[in-house]
Amino acid sequence: MNRPRPTISGPSATALILAIGLLVLTAPTAAAEPVDWDKGGQAKEGGSDRTGIFAAARIQYSGSIAKGGGTGNVTSTDANWTPPPCWYAPYLGAKDFKKKMSKDIERQLSTPGMGGTAGSAIGETQRHYEDGFGWADTPGYKDYNVENDGKGMFWAGVENPDEPDYLKRTSCTDLPFWVENGDAPPPQYEEAISPEILAALAYQHMQLPDTKVTLAPEVNTKVNLPTWAWLDKAVFDEVQATAALNVPGFNIQATTTARPVSLKLEPGTKDAVTYPASGECVINADDSIGEPYAKGKADETPPCGIRYLRSSGDGTYKLRATITWDIDWTGTGGAGGDLPNGTFGNEQAVTVQEIQAVNR
């Protein structure tokens, strides 16, 4: 029988969701769980049976990762780029999957009033996993494939908990499918977890260092006096974040690397001039930005800096310094490529005073 592979959508959506159970498709034991940044992450696996086959595994993060497991502070310069809202990942071994799925199916079939389209959909799901009922590119299984327990895992959809769009987050709706240890997922599952998806997730959770530039004068400057700005290489270096998934027969990882390339200064007022005029200070040959102020340079034009034209009065100007980072990734099997540039900036208060004239 040639039919499209089943998904949890369309007229039978409610029935299939009930049949599979939300816990399968949004399996919390298979969801991403970042760890504290700059600390090596420990993989979080689910339970295992006597064969040692793990029922599920979490994505492991390490490197410069946001604390608390949330999104990092990187803003993509490409407005059209977003991290993956969901993906397919290893979920359960055959015996564990049978125990869970068969229990869910029996419960739904015994629910009063479960008939018609909904009952038929649940029945098809049962035949798919018990009697080998399949579709064009989706073969069925005999007795939940338990004869191959330990030789692979059923994969299921996983939501990205940091995706704000509910429809996108819940769009990985294909029925759980089997993948042999050491094999790639079937090509029709484009959202199956891969080094490229892990790289995008590492990007999403990456935490860049604060962008507090050194100023001279440091806090209080004068009207029309050039203020020098710079970042030393020691506090301005590349940052890395790694995401990995390790389960029996399937081990992949990707490292995302961010390298600083430029600094943009926004004075916090229109009454100011930036050096250079664009406000973009490029990186130097020694990987620093700008030039430290030295005695005797008061009348010189800084290569990176600001000249305020009006006093800040009783308040301060909010100088915003934003670094642009060039971001790429490498992963398992020699995979790699570019990701959109990222930015991150901080504000710092600057007091600008009038130069007092002295009458003699």
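Select Cys 86 and Cys 172. These two cysteines form a disulfide, with 2.0 Å between their sulfur atoms. Keep in mind that the model is predicted.

Now trace the chain on each side of the bond. Cys 86 sits in strand β3, residues 86-92. Cys 172 sits in the loop between α5 (166-169) and β5 (177-180). The pair links distant parts of the chain, 86 residues apart.

Look along the S-S bond. The angle about it is 80 degrees, and the link of Cys 86 and Cys 172 is right-handed.

Move on to Cys 281 and Cys 304. They form a disulfide too, their sulfur atoms 2.2 Å apart. Cys 281 belongs to strand β12 (residues 280-282), while Cys 304 lies in the loop between β13 (289-290) and β14 (305-308), so the bond ties together parts 23 residues apart in sequence.

View this S-S bond end on. Its torsion is about 90 degrees, so the disulfide of Cys 281 and Cys 304 is right-handed.

Check the surface again. Cys 281 has 3% relative accessibility and counts as buried. Cys 304 has 1% and counts as buried.

Last, select both pairs together. The structure holds 2 disulfides. How are the bonded cysteines paired in sequence order? Numbered along the protein chain, the pairing is 1-2, 3-4.

Note on methods: Residues numbered from 1 in each chain as written. Predicted model: local features only at pLDDT ≥ 70, side-chain atom pairs only at ≥ 80, totals over all residues. Heavy atoms only, no water. Disulfide = S-S within 2.5 Å. Helix = DSSP H or I, 4+ residues; strand = E, 2+ residues; numbered from the N terminus. Buried < 20%, exposed > 50% of the residue type's maximum accessible area, 1.4 Å probe, protein only.
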